Amino acid sequence: MLECIVTKFGGSSLSSDEQFRKVRSILELEPTRRYLVPSAPGKRFDGDDKVTDLLYQCHRLASEGKSITDPFSKIRDRYLSIAQGLHLKVDIESSLNEVEEGIAAGKGKDWCASRGEYLCGLLMADYLGWRFVDAAEGIVFHEDGTVSNSRTQEKLSALLADGESAVIPGFYGAKENGEVCTFSRGGSDITGALVARAVHADVYENWTDVSGFLMADPRIIDGPAEISSITYKELRELSHMGASVLHEDAMFPVHQAGIPTNIRNTNKPYHPGTMISKNAPHEVYVPTITGIAGHKGYSVINVEKNMMNSEVGFGRKVLSVLEDLGISFEHMPTGIDTMCVVVKSDALEPHLKEVTEKIEALVDGQGTVSVSDQLAIIATVGRGMVHNCGTAARLFKAMSRARINVRMIDQGSSELSIIVGVNESDFEATIRAIYHEFVG
Ligand code: ASP
């Protein structure tokens with residue numbers, strides 16, 4: 001029997017009074033759903049506005065000394081229509097007036113953006129009859145704008161210690177001096193994870209408008225299979241390569257605390273969604289691969305130097321050229337006298353000449369340095385790989401059958417993923433070949 005579930009609802013789940021009703025019936029289905037973290041109202045239809053975008057627009061206009069009446073009236077209408085549609089008692093008009101005055105008076109960007117969640121939280125708390133807990137009281141940011149894990153844990157768990165059901169707005173918190181700070185876009189997912197950790201939740205449910213993760217991008221694979229169960233480590237690999245449903249930083253607090261995250265669909269409340277956990281349960285059937293994700297836009301720096309193998313510190317020197325310019329590297333397969341460093345092309349481009357010259361100086365006439373671009377990287381991820389031999393053979397055979405040339409191979413020591421680099425023009429064909437080999 002589950003004892004405590006923290007729920008987070010995304011913007012599309014809260015875009016109208018009709019969506020609010022769906023949220024309440026989801027909560028009523030399971031009384032252990034005792035905490036709710038809302039985003040700001042999102043789009044109701046294609047072309048509609050997200051409240052957060054409108055708030056950023058208001059802030060920009062106010063900082064240019066221009067009127068915010070137009071965009072703010074759209075914000076006002078949205079909240080009023082939800083409040084009226086649900087016959088709420090809360091005095092949302094006064095709160096809206098305070099927000100409008102604050103923005104017009106030049107309040108900071110983060111404060112302005114955070115009001116979307118704040119106002120949505122006020123409505124939701126009133127609708128549910130739950131306590132409203134301002135995130136500025138419980139989510140603590142450092143001076144540099146990063147979240148303080150220890151202080152947040154301390155303050156949030158004290159605030160929620162009485163176990164009473166509560167609504168805690170997502171996306172923001174405050175520095176110790178009270179100044180409001182936001183996470184990056186989509187950051188309500190992080191708030192949800194921090195709340196789940198603070199109350200020692202059994203599950204963190206993240207409600208959105210899709211039924212969890214798919215094994216591959218539906219723009220490339222027609223109707224890809226759904227992922228019912230995945231580990232945090234697998235998901236980290238896939239989301240790094242572009243599979244985005246959950247904010248990347250939302251995994252850390254819950255993963256660390258051993259709390260599973262369940263991605264659910266507000267519009268299909270009985271669909272089990274995707275369960276993300278530290279160790280995927282044994283009874284769940286594990287196919288060899290869990291998912292495939294990839295990205296275009298990479299470059300490879302190929303370095304060849306005689307006797308590179310015996311030159312202690314050569315690799316470090318090459319990487320420090322990149323480090324000094326703030327370029328992070330993605331992969332680094334090496335040979336005896338060769339190394340190739342894979343980096344994002346847009347990060348390398350502005351420094352291309354300097355990087356090449358500096359590495360050439362390290363090679364010192366004893367080899368070559370070349371850079372090639374238009375590389376796509378594809379990660380095939382699966383905890384099942386460790387237990388199955390021949391996974392790599394099947395993957396490369398499928399690629400060779402599709403006549404795809406492999407430009408780079410990298411397999412992490414965890415045996416959790418096989419990374420291949422191919423020409424950008426082969427990107428989609430590679431994903432299709434791998435998917436059909438393993439999934440059918
Ligand atoms: N409302 C914020 C955004 O649009 C945060 C969130 O929805 O998670 O990015």
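Which residue is the bridge partner of E304 in strand 14? In this predicted model, that partner is T338, where strands are DSSP runs (E, at least two residues), helices are likewise DSSP runs (H or I, at least four), and both are numbered from the N terminus.

Residues are numbered from 1 along each chain as its sequence is written. Local features need pLDDT of at least 70 and side-chain atom pairs count only at pLDDT 80 or more, whereas totals for chains, interfaces and linings use all residues, and side-chain values use heavy atoms, with hydrogens and water left out.

**Overall form.** The protein holds 14 helices and 17 strands. Its radius of gyration is 25 Å, close to the 22 Å that the globule rule gives for 440 residues, so the protein is as compact as a globular protein of that length; the radius is taken over C-alpha atoms, and the rule is 2.2 Å times the number of residues to the power 0.38.

**The sheets.** Strand 12 (residues 291-305) and strand 14 (residues 338-344) are antiparallel and share 7 bridges, two strands being paired if DSSP finds at least two bridges between them. They belong to an open, antiparallel sheet of 6 strands in the order 13-14-12-15-17-16, whose edges are strand 13 (329-331) and strand 16 (408-411). The twist from one strand to the next averages 40°, with axes fitted to C-alpha atoms, for helices over the stretch in contact, and angles running from 0 to 180 degrees between N-to-C directions.

Helix 10 (residues 314-324) lies across strand 12, strand 13 and strand 14, at about 20° to strand 14, contact meaning heavy atoms within 4.5 Å. Helix 13 (residues 391-401) packs on this sheet too, touching strand 15 (367-381), strand 16 and strand 17 (417-423), and makes about 20° with strand 17.

Another open sheet, of 8 strands with mixed pairing, has the order 3-5-2-1-8-10-11-9.

**The ligand.** Residues around the ligand include K50, T52, E117, F171 and R185, each with a heavy atom within 4 Å of it. Polar contacts, which are pairs of N or O atoms within 3.5 Å, are listed here.

| Residue and its polar atom | Ligand atom | Distance |
|---|---|---|
| S39, side chain | oxygen | 3.1 Å |
| G186, backbone | oxygen | 2.8 Å |
| S188, backbone | oxygen | 2.9 Å |

Taken alone the ligand exposes 260 Å², of which the protein buries 93%, with areas from the Shrake-Rupley method and a 1.4 Å probe.

Technical notes
A polar contact is a pair of N or O atoms within 3.5 Å; within protein, one must be able to donate a hydrogen and the other to accept it, and residues adjacent in sequence count only if both atoms are side-chain atoms.
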